[in-house]
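Here's a quick briefing on a protein model, with the sequence and structure just below. Have a look, then read on for the highlights.

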Amino acid sequence: MLRERLSIYRARVRRELTDAFEEECSPRAVAASFAIGIFVTAMPTGGLGISLFFVFVYYWDWVSKTAIFASVAVLNPLVKPLVYVASYRLGVLLLGTEPVVTFDITVLNWLVGASQVLLIGNVLIALALAGLSYAVVFRLTRAHRDRHHRSDKISPPAALASVIQQWRK
């Protein structure tokens, strides 16, 4: 059951990324769009991230629509809790458990402290994921395009056969 779901998930991510690789954008634009999408998706936006994608696509003509929306397939609702747990732990490691701002209400202190820790850790993890995803998607885009560009050209044996055939005429 789990193996089947992972297989479906992997196929979906591969399909989304392949569509982005084939889009009429530069490899840098595809990678930057995907990295922006990863950063926004990793943040606790409560679903507003997708709306932000539409704003980016509307105002920035260089954004790869397919790549920015493909990031949602990578950081789906099953993966995001892991990002949040790691964000919280990183925030605690950096800030400790004491809230930076304190109030007279204990519950409010806990909420503000947890939010601060989560946001600091989340921003750092989102930046790391965005940087890593930029590098990976940039290389994958170039490799995909080089592979398909080479396959459009005539292979050396076919070129040799063509030259021999023309020479015989």
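Residues 24 or more positions apart make up 77% of the contacts (heavy atoms within 4.5 Å) in the protein with a separation of 6 or more. Bear in mind that this is a predicted model: local features need pLDDT of at least 70, side-chain atom pairs count only at pLDDT 80 or more, and totals for chains, interfaces and linings use all residues. Residues are numbered from 1 along each chain as its sequence is written, and side-chain values use heavy atoms, with hydrogens and water left out.

**Overall make-up**
- The protein has seven helices and zero strands, where helices are DSSP runs of H or I with at least four residues and strands are E runs with at least two, numbered from the N terminus.
- Of its 169 residues, 30% count as buried; that label means under 20% relative accessible area, with exposed over 50% and partly exposed in between (1.4 Å probe, protein chains only).
- The accessible surface (Shrake-Rupley, 1.4 Å probe; for residues, only the protein chains shown count as cover) comes to about 11700 Å², and 65% of that belongs to carbon and sulfur atoms.

**Helix α5**
- Spanning residues 80–95, α5 has 16 residues and reaches 22 Å from first C-alpha to last, close to the 22 Å expected at 1.5 Å a residue (that is, 1.5 Å times one less than the number of residues).
- K80, V83, S87 and G91 are the buried residues of α5.
- They cover an arc of only 70° around the axis, which puts them on the same side of α5; the arc is taken over the directions from the helix axis to the C-beta atoms.
- Turned away from that buried side, the other face of α5 carries the exposed residues L82, R89 and L93.

**Nonpolar patch**
- L93, L94, L95, I120, V123, L124 and L127 make a nonpolar surface patch of about 620 Å².
- Patch residues need over 30% relative accessible area and no salt bridge, and like charges are joined within 9 Å, nonpolar side chains (Val, Leu, Ile, Met, Phe, Trp, Tyr) within 5 Å.
- A salt bridge here is a side-chain nitrogen of Lys or Arg within 4 Å of a carboxyl oxygen of Asp or Glu.
- α6 gives the largest share of the patch, four residues.
- L93, in helix α5, is exposed at 69% relative accessible area.

**Around F56**
- F56 sits in helix α3 (residues 48–59) and counts as buried at 15% relative accessibility.
- Leaving aside neighbours within four places in sequence, F56 is in contact with I36, V40, V63 and I68.
- F56 and I36 are 20 residues apart along the chain, with their C-alpha atoms separated by 9.5 Å.
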